[in-house]
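Visitor: I would like to learn how to read aromatic contacts in a model. Please start with the terms.

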Amino acid sequence: MLQRVKRGLIQNRNWFRGIGNLILTSLSDPSNNGRTLHFFSSSAGNAGLAAVIAAGDLGCSCTVVVPLSAKPMMIKKIRAAGASDVIRHGASWFEADAYLRENFIENEDSKSDPLARNIYVPPFDHHDIWRGAGTLVDEIIKQLPPRHYGKTDTYCSFPADAIVCSVGGGGLLNGIIDGLERHLPAHQPTTLPKKAVKKVRILAVETAGADSLAHSLRKGYLQPLPAVTSQAITLGALCVAQQTLKNVQSPPPGIEVTSIVGTDADAAVGVVRLCDELRLEVELACGISVQVGLDRLREVMTDLTPDSRVVIVVCGGNGVTSEMITDYRQKLENGWQ
């Protein structure tokens with residue numbers, strides 16, 4: 001089986017490709033011509049840092065509202081990146097986001113300066129973010145080697161059989177699905193001589209206590225978690241985007257999505273393994289996808305073969321230190337499960 005690690009954490013100046021696309025799109029909007037734009041991001045850390053860097057690179061200001069649970073290390077990084085301000089408010093991202101919108105976005109029409117505009121930058125729930133995140137699929141197509149068929153009676157119409165990604169609010173997941181929708185028609189065969197086209201599998205991975213997608217799937221409708229209790233706080237959206245739930249419950253043709261939930265200890269296993277084998281330092285929010293992609297695939301993909309191709313999206317490398325990884329390693333050795 002061919003497994004590829006897609007290192008989304010190594011991007012141009014730490015832009016999230018989705019956040020960067022939203023900011024670029026806002027700047028190119030004709031209605032903003034001649035205006036001074038100030039971007040406002042609500043985030044537990046990573047998306048806020050991306051917004052500050054992207055806005056700064058494009059000559060704009062950015063303010064970030066983080067929940068009280070945000071790590072001091074991340075707040076320091078956001079300030080150092082050039083944030084106009086970092087405001088701490090609320091026990092969760094949900095409360096921080098509500099505060100941002102109420103105080104800086106929803107009163108926009110009452111501002112005295114018509115040439116100034118505040119732009120809301122959500123961490124995951126926006127089509128421009130999904131479209132930007134979907135460029136990851138463009139890169140998968142360019143970077144994976146061509147397939148060679150002939151030995152099996154089924155084949156996948158896409159260069160990868162499965163993509164493993166972490167889910168917080170669902171921005172990355174929605175982006176991957178958006179990218180697949182754009183590309184799958186070009187990979188559909190015109191004839192199927194005794195062959196069946198396999199769907200592309202997406203494994204949507206969460207940690208228990210930040211499993212807002214799995215929670216809504218269990219309910220059958222969009223339902224917030226009562227609280228985020230996982231240590232993977234950058235997955236800590238109380239509720240996924242409506243489009244995320246829709247994409248998982250009724251995915252587009254050619255795509256199948258499976259929700260998987262692991263523990264914080266599982267995530268730590270992935271973090272330690274990636275550090276040992278590839279010398280990469282990532283957060284628990286990413287480690288859970290690594291652990292699932294390397295150790296739990298056969299639970300949901302019983303048809304894996306030596307020719308199967310699995311892409312594991314590695315994201316979230318800002319809120320972690322070598323000391324934290326050492327602590328995870330010690331806890332695992334002491335029986336953390």
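Guide: Buried means under 20% relative accessible area, exposed over 50%, and partly exposed in between (1.4 Å probe, protein chains only). At 6% relative accessibility, Tyr328 is therefore buried, whereas Trp336 is partly exposed at 21%. This is a predicted model, in which local features need pLDDT of at least 70, side-chain atom pairs count only at pLDDT 80 or more, and totals for chains, interfaces and linings use all residues. Residues are numbered from 1 along each chain as its sequence is written, and side-chain values use heavy atoms, with hydrogens and water left out.

Visitor: What describes a pair of aromatic rings?

Guide: The distance of the centres and the angle of the planes describe the pair. Rings of Phe, Tyr and Trp (its six-membered ring) pair if their centres lie within 6.5 Å; planes under 30 degrees apart count as stacked, over 60 as edge-to-face and the rest as tilted. The whole structure holds 4 aromatic pairs. Phe40 and Phe104 are stacked, because their ring centres are 4.7 Å apart and their planes are at 20 degrees. Tyr328 and Trp336 form a tilted pair, with 6.2 Å centre to centre and 40 degrees between the planes.

Visitor: Which residues form one aromatic cluster?

Guide: Phe40, Tyr99 and Phe104 do. Phe40 is buried, with a relative accessible area of 5%.

Visitor: Where does the charged end of Lys331 sit?

Guide: A charge sits over a ring if NZ of Lys or CZ of Arg is within 6 Å of the ring centre and within 35 degrees of the ring normal. The charged end of Lys331 sits over the ring of Trp336, 5.6 Å from its centre.
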